[in-house]
Amino acid sequence: MLKNYRYTLVFLAWMTFVTYASLSSFDQDNAPTFNLPHLDKAVHFTFYFVAAFLAAFLLRERTLGKVGLRKALLFSVVFAVGFGIIIEVLQYTLTVDRQGDVLDAMANTIGALLGAFAIKLLFSGRTRLKWEI
């Protein structure tokens with residue numbers, strides 16, 4: 001039975017992780033430091049790349065494949081971008097030591113777009129993968 005919900009469960013777990021990581025305060029004194037420029041933008045990109053990717057699979061799973069690839073990709077991008085914007089607003093309004101950032105929202109958007117593009121590449125063209133749930 002859980003096999004019928006595998007993408008749904010993975011998507012919900014991922015979005016729970018993204019929400020927690022985005023809205024929680026982390027102790028900066030005990031955290032390891034990496035001196036990589038723009039590392040947080042790469043993290044935002046990755047969060048929303050995976051979110052859009054998983055959202056397309058979730059939609060196909062929940063509709064039993066009745067939604068086409070194009071609609072699934074459009075929905076996944078709109079959802080991921082909207083969710084990212086909401087998280088940035090919540091960071092600005094609800095957290096003390098986190099702040100909303102337009103550049104973070106842009107990284108979220110680029111990640112979501114490229115996540116959908118990755119699915120498009122995987123499931124269309126001559127080397128087409130099977131699009132089954």
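## Overall architecture

From the N terminus on, the elements of the chain run α-α-α-α. The chain holds 4 helices and 0 strands, where helices (H or I, at least four residues) and strands (E, at least two) are DSSP runs numbered from the N terminus. This is a predicted model, in which local features need pLDDT of at least 70 and side-chain atom pairs count only at pLDDT 80 or more, whereas totals for chains, interfaces and linings use all residues. Residues are numbered from 1 along each chain as its sequence is written, and side-chain values use heavy atoms, with hydrogens and water left out.

Of the 133 residues in the chain, 35% are buried (under 20% relative accessible area, with a 1.4 Å probe and protein chains only). Among contacts (heavy atoms within 4.5 Å) with a separation of 6 or more, 77% come from residues 24 or more positions apart.

## Packing of α1 and α2

Helix α1 (residues 6-23) and helix α2 (residues 39-62) pack at about 150 degrees, their axes being 8 Å apart. The axes are lines fitted to C-alpha atoms, for helices over the stretch in contact, and angles run from 0 to 180 degrees between N-to-C directions. The angle makes α1 roughly antiparallel to α2 (over 145 degrees). The crossing of α1 past α2 is left-handed, that is, the near helix is turned anticlockwise from the far one by less than a right angle.

On the α1 side, the contact includes Phe-11, Trp-14 and Phe-17; on the α2 side, Phe-47, Tyr-48 and Leu-54 are among the residues involved. By class, this contact has 16 nonpolar, 3 polar and 3 charged residues. Ala, Val, Leu, Ile, Met, Phe, Trp, Tyr, Cys and Pro count as nonpolar, Asp, Glu, Lys and Arg as charged, and the others, Gly among them, as polar.

## Packing of α2 and α4

Helices α2 and α4 pack at an angle of about 40 degrees, with 7 Å between their axes. They are therefore oblique to each other. Their crossing is right-handed, and their contact comprises 17 nonpolar, 4 polar and 3 charged residues.

Technical notes
Angles under 35 degrees count as roughly parallel, over 145 as roughly antiparallel, 65 to 115 as roughly perpendicular and the rest as oblique. Buried means under 20% relative accessible area, exposed over 50%, partly exposed in between (1.4 Å probe, protein chains only).
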